[in-house]
Amino acid sequence: MKSSLFALTVALFSGSTIAGNTINFDYVGAGYAKHKLEDMPSQGGYTVEASKKFADRWVASAQYSSTSDTGDFSSSIEMETNTDYWRIGGAYLISQDDNSVFELAASFNRLDIDNKIIKSKYDLYIDNASIGRGENINYRLTGHTNTHTLKANYHYAFAESISLVAGIGYEYLTNAEQKHELFYQVGVNYNFAQNVTLSALYRNIDIYETQSITLRYNF
């Protein structure tokens, strides 16, 4: 009886340790990214990311995303939009138990937006009668904003290969009309092979949204 209880205890603690190992902060990754700016069409593209844990509790990370879209902004305007996003930051980790980690993070970010009117269609009139459609190239508008982010994330591994992350945060946009934004984010990580993780993350910052699906190599 005692040996059975001992074996069960070892199995439970071993399971918790394995589940805890699914929360990984040492990786490089790449994959698909999607941005949705307020009042603009969604943009698809790619993202690359890297993270490194050091001194047991500290994490340094960086990310770059590039997305674009071409579509009709209105009935007479066709627009091409390109967005580049950079992020560099750090975090402090607080282990709750073998299966969960609380993360306090800060980052400096930059968002570059390039809007180009590639075709403008308009009606031609003579004596109030339409005689056809005209086309011309109009203009290009570029802009950027630097942002500063503070966030708190909770990571939980509920299986040997799957972990969830949920967080809330504050973002300050230096060059935007609406400078102060609260946001939330949710994500899931699936370790489907040794040292390989499929990660999905959604973030909503009111004036824009970001989504990503990346394949990570853990080291």
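Setting aside residues up to four places away in sequence, Gln 185 touches Lys 151, Asn 153, Val 165, Ala 166, Gly 167, Leu 201, Tyr 202 and Arg 203. Contact here means heavy atoms within 4.5 Å.

Before going on, the ground rules. This is a predicted model, where local features need pLDDT of at least 70 and side-chain atom pairs count only at pLDDT 80 or more, while totals for chains, interfaces and linings use all residues. Residues are numbered from 1 along each chain as its sequence is written, and side-chain values use heavy atoms, with hydrogens and water left out.

Back to Gln 185, which lies in strand β9. Strands are DSSP runs of E, at least two residues, and helices are runs of H or I, at least four, numbered from the N terminus. Is Gln 185 buried or exposed? Its relative accessibility is 6%, so Gln 185 counts as buried. The cut-offs are under 20% relative accessible area for buried, over 50% for exposed, and partly exposed in between, with a 1.4 Å probe and protein chains only.

The side chains of Gln 185 and Asn 153 are joined by a polar contact of 3.1 Å. That term means a pair of N or O atoms within 3.5 Å; within protein, one must be able to donate a hydrogen and the other to accept it, and residues adjacent in sequence count only if both atoms are side-chain atoms. Gln 185 and Arg 203 are 18 residues apart in sequence, yet their C-alpha atoms are 4.2 Å apart.

Arg 203 also lies over the face of Phe 183, 5.5 Å from the ring centre. The rule there is NZ of Lys or CZ of Arg within 6 Å of the ring centre and within 35 degrees of the ring normal. Arg 216 sits over the face of Tyr 27 in that sense, at 4.0 Å.

Next, ring pairs. Rings of Phe, Tyr and Trp (its six-membered ring) pair if their centres lie within 6.5 Å; planes under 30 degrees apart are stacked, over 60 edge-to-face, and the rest tilted. By this rule there are 5 aromatic pairs. In one of them, Tyr 184 and Tyr 202 have ring centres 6.2 Å apart and planes at 55 degrees, so the pair is tilted. Tyr 184 is in strand β9 (residues 180–193) and Tyr 202 in strand β10 (residues 196–204), so the pair ties together parts 18 residues apart in sequence. Tyr 184 is partly exposed, at 42%, and Tyr 202 is partly exposed too, at 22%. Elsewhere, ring pairs link Tyr 46, Tyr 64 and Trp 86 into a cluster.

Now the interior. A nonpolar core is a set of buried Ala, Val, Leu, Ile, Met, Phe, Trp, Tyr and Cys residues joined through side-chain atoms within 4.5 Å. The largest has 12 residues, including Leu 37, Met 79, Phe 183 and Ile 205. Strands β4 (77–97) and β5 (100–126) are the elements that give two or more residues to this core. Apart from it lies another core, of 8 residues, among them Ile 23, Ala 91, Val 101 and Ala 105.

Finally, the whole chain. There are 1 helix and 11 strands. Buried residues make up 35% of its 219 residues.
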